[in-house]
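Hi everyone, and thanks for making time for this. Please have a look at the sequence and the model on the screen, and then I'll walk you through a few parts of it.

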Amino acid sequence: MGAGREVSISLDGVRDKNVMQLRKLNTALFPVRYNDKYYTDALSSGDFTKLAYYSDICVGAIACRLEKKDAGAFRIYIMTLGVLAPYRGLGIGTRLLNHVVDLSTKQNISEIYLHVQTNNEDAINFYKKFGFEITDTIKNYYININPPDCYILTKFINPQTKN
């Protein structure tokens with residue numbers, strides 16, 4: 001990157017016409033294949049699922065699912081968050097995660113959670129920087145990848161009292 005050159009990171013919603021971008025990113029980023037329900041959930045989550053562009057190149061995405069809790073409240077499940085390796089460390093993952101945290105706060109959603117493979121220290125450390133904490137361990141969560149165990153990382157958000 002040239003010194004002084006401003007490079008823009010932009011986010012765009014996932015829709016029927018660009019969901020193939022999300023499919024291609026997931027194939028490149030993750031050791032699992034996602035089914036149609038994943039993509040249906042991602043599309044139905046509205047602004048909680050975003051593609052990230054670095055100088056107009058699609059390089060990352062966050063895909064979430066809204067889940068109903070007791071008393072009609074919602075929580076957000078981060079199904080996937082990933083950035084292509086050459087573009088890591090540029091703030092793209094941070095921008096994607098901050099978008100979901102900010103949107104959750106505005107919508108008075110008090111909980112965001114995700115699963116992370118127990119040996120994925122980079123991801124665990126990344127989420128801990130944003131106030132996520134390990135709240136559970138699930139043995140044999142993953143099929144056909146080692147280790148098969150995962151942590152549940154959760155961030156509890158204090159609802160805003162002002163509008």
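I'll talk about salt bridges, then a pocket, and then a helix.

First, a word on the source: this is a predicted model, where local features need pLDDT of at least 70 and side-chain atom pairs count only at pLDDT 80 or more, while totals for chains, interfaces and linings use all residues. Residues are numbered from 1 along each chain as its sequence is written, and side-chain values use heavy atoms, with hydrogens and water left out.

Let's start with charge. Side chains of opposite charge can pair when their charged atoms come close. We call it a salt bridge when a side-chain nitrogen of Lys or Arg lies within 4 Å of a carboxyl oxygen of Asp or Glu. How many salt bridges does the structure hold? There are ten.

Glu 111 sits in strand S5, and its salt bridge partner is Arg 75, with the closest N and O atoms 3.2 Å apart. That pair links distant parts of the chain: Glu 111 belongs to S5 (residues 111–117) and Arg 75 to strand S4 (residues 74–83), 36 residues apart. A note on these names: helices (H or I, at least four residues) and strands (E, at least two) are DSSP runs, numbered from the N terminus.

Is Glu 111 buried or exposed? Glu 111 is buried, at a relative accessible area of 10%, whereas Arg 75 is partly exposed, at 24%. Buried means under 20% relative accessible area, exposed means over 50%, and partly exposed is in between, using a 1.4 Å probe and protein chains only.

The side chain of Glu 111 also makes a polar contact with the side chain of Lys 69, at 3.1 Å. A polar contact is a pair of N or O atoms within 3.5 Å; within protein, one must be able to donate a hydrogen and the other to accept it, and residues adjacent in sequence count only if both atoms are side-chain atoms. Now zoom out: Lys 37, Asp 41, Arg 65, Glu 67, Lys 69, Arg 75 and Glu 111 are linked in a network of salt bridges.

Here are two other pairs. Lys 50 and Asp 47 meet in a salt bridge at 3.5 Å, N to O; Lys 50 is buried at 11%, and Asp 47 is partly exposed at 46%. Lys 139 and Asp 149 meet at 3.6 Å, with Lys 139 exposed at 60% and Asp 149 buried at 16%.

Next, the pocket. On a 1 Å grid over the protein atoms alone, a pocket is an open set of points where a 1.4 Å probe fits, with protein on both sides within 12 Å along at least five of seven lines; lining residues have an atom within 4 Å of a point. The largest pocket has a volume of about 1300 Å³, which is the space filled by probe spheres set on the points, joined across faces, edges and corners. Of its 40 lining residues, the closest to the centre are Phe 30, Tyr 34, Met 79, Thr 80 and Leu 81. Which element gives the largest share of the lining? S4 does, with seven residues.

Last, helix H3. H3 has 15 residues and reaches 21 Å from its first C-alpha to its last, close to the 21 Å expected at 1.5 Å a residue, where the expected span is 1.5 Å times one less than the number of residues. Its buried residues include Leu 96, Val 100 and Leu 103. Just after H3, Asn 108 takes a positive phi of about 55°.
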